[in-house]
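The following paragraphs lead the reader through one protein model, from the whole chain to single residues. Please keep the sequence and the structure in view while reading.

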Amino acid sequence: MHTNQNLHATGEKCKDGEPGFVACMRQRHEHVTLSKEKKCGDEFLIDWESMPPSLHPSGGELEGSREVNKKQQVQALMNAILPMVDAIFEANGVDPIHIVDIGAGSGHVGLVVAWMRPSSCRVTLLERKEYACRQGKRRALEAGLANVEIANTSLHTFCDLRNCNEEGSTSAIGPSAIPFQLAISLHSCGVLTDAALEMCLHHQAAFCFSPCCYGQTASNDALRPHMPRSIALRSVRNAEMPEEWKTMKKGKKKLFKGSEKAKPFNLVARSADCTSAVDGDDSFVHTRNFAIAKRCMQIVDADRICWMAEHGYSGEVSSLLPLKVSPKNNLIIGIPRDMHSGSCDIVNSDVPSLALSASALENRNAEEGEKELERFRIRGAQEKWKQQFQASLKET
């Protein structure tokens, strides 16, 4: 894996007509992004035929093309996750390592890892939605998996984040945080990826994430002013937006509102979500939109990897293959440089919790929104019942 060597080099060489901050982003991206994808052995291939039916994507209520795509996504992740599991388990000794599947849903990834490495790991499915947790528990029981736990809670609760609901306070990870050695995630949305990186840093745990919803980092009021986070890309933070960039659109909508102070890196983050196919192309992979979005995804993830490298990690930006398995097909992988010690008790207490606090706030707002939607549904049902009741009175 790449290290942070030369990440802070100055004097970027600009291509013709290229702003200096663009050269900075391009060079950092090229430094940590794999130029050639690795090939994995047969020991990491999923034998779907011998796997219990409940562990198939169809066991999690996916059908048709969604099931096919999910199988490809899970296999692509296994090619990266399983070598890490084997290496960490070997360094850890005889005890199974603890893996946390963040935003696990019904367990499409975590359950397969638990099934393929039953003696090497125990897996916690961390998921906020109750229905998905019930599905994950059912699937694990039907498959007879004894090395799976369900955590129906949010990330900030799982890591015992303190003071995250108090304005003006400094959040900190509390003593009840549950230790683990590896965090994994398929399509962790926006700030959740950055929050998960902070949690990994606290526990000195390795990570393998496929991020999603990059534009959310540019929309989050708490995190946006601090993006990009790495020292390697910090010169980009206050760069002026070129005039021609300000008119860029996603569909018919401008990427930035007129009242919003646009910053180049924020535009890059939002542009990473412009992956939809256009002009009747057979596949989004071959569109110009995707080519631009892919580069933007790599730049945002390069910043994440650089930030972790500055905190003692080795890491790289890779891809889920084949690329067509998902428009969001980036993969970020990292491991602490001193993880060879095999200890799960290493804790870094001086960890920034900016993204964790931002994620906690997003969760609270989402829960309030869900409650409002539930109240709206109940009011609608009551109104419908009232109308039906009044109609029945007229008939009598």
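This is a predicted model: local features need pLDDT of at least 70, side-chain atom pairs count only at pLDDT 80 or more; totals for chains, interfaces and linings use all residues.

Residues are numbered from 1 along each chain as its sequence is written, and side-chain values use heavy atoms, with hydrogens and water left out.

The term pLDDT stands for the predictor's confidence in each residue, on a scale from 0 to 100. The average over the protein chain is 78, and 66% of the residues score at least 70. To speak of elements, one takes helices (H or I, at least four residues) and strands (E, at least two) as DSSP runs, numbered from the N terminus. The protein chain contains ten helices and eleven strands. Among these elements, helix H3 (residues 110-116) has the highest mean pLDDT, 97, whereas strand S8 (residues 249-250) has the lowest, 54.

How is the chain as a whole arranged? Of the contacts with a separation of 6 or more, 71% are made by residues 24 or more positions apart. A residue is called buried under 20% relative accessible area, exposed over 50%, and partly exposed in between (1.4 Å probe, protein chains only). Of the 396 residues of the protein chain, 50% count as buried.

On a 1 Å grid over the protein atoms alone, a cavity is a set of points where a 1.4 Å probe fits but cannot get out; a pocket is an open set with protein on both sides within 12 Å along at least five of seven lines; and lining residues have an atom within 4 Å of a point. Grid points are joined across faces, edges and corners, and a volume is the space filled by probe spheres set on the points.

The largest pocket has a volume of about 800 Å³. Its lining consists of 32 residues, and Gly 103, Glu 127, His 187, Cys 189 and Leu 192 lie nearest the centre. Two or more lining residues come from each of helix H2 (64-92), strand S1 (97-102), strand S6 (182-189) and helix H10 (354-395). For the classes, Ala, Val, Leu, Ile, Met, Phe, Trp, Tyr, Cys and Pro count as nonpolar, Asp, Glu, Lys and Arg as charged, and the others, Gly among them, as polar. The lining of the largest pocket then divides into ten nonpolar, 15 polar and seven charged residues.

There are two cavities of 30 Å³ or more. The second largest cavity has a volume of about 30 Å³ and is lined by Asp 194, Leu 197, Met 227, Arg 229, Asp 303, Arg 304 and Trp 307. Three of the lining residues are nonpolar, none is polar and four are charged.

Some details of the backbone also deserve attention. Most residues other than glycine have a negative phi, and most peptide bonds are trans. Met 227, already met in the cavity lining, is joined to Pro 228 by a cis peptide bond with omega of about -5°. Pro 228 lies in the loop between helix H7 (215-219) and S8. The bond from Leu 321 to Pro 322 is cis as well, with omega near 0°, and Pro 322 belongs to the loop between strand S10 (313-319) and strand S11 (330-336).

Glu 61, in the loop between helix H1 (20-32) and H2, has a positive phi near 70°. Gln 204, in the loop between H6 and strand S7 (206-212), has a positive phi of about 55°.

Technical notes: Contact means heavy atoms within 4.5 Å.
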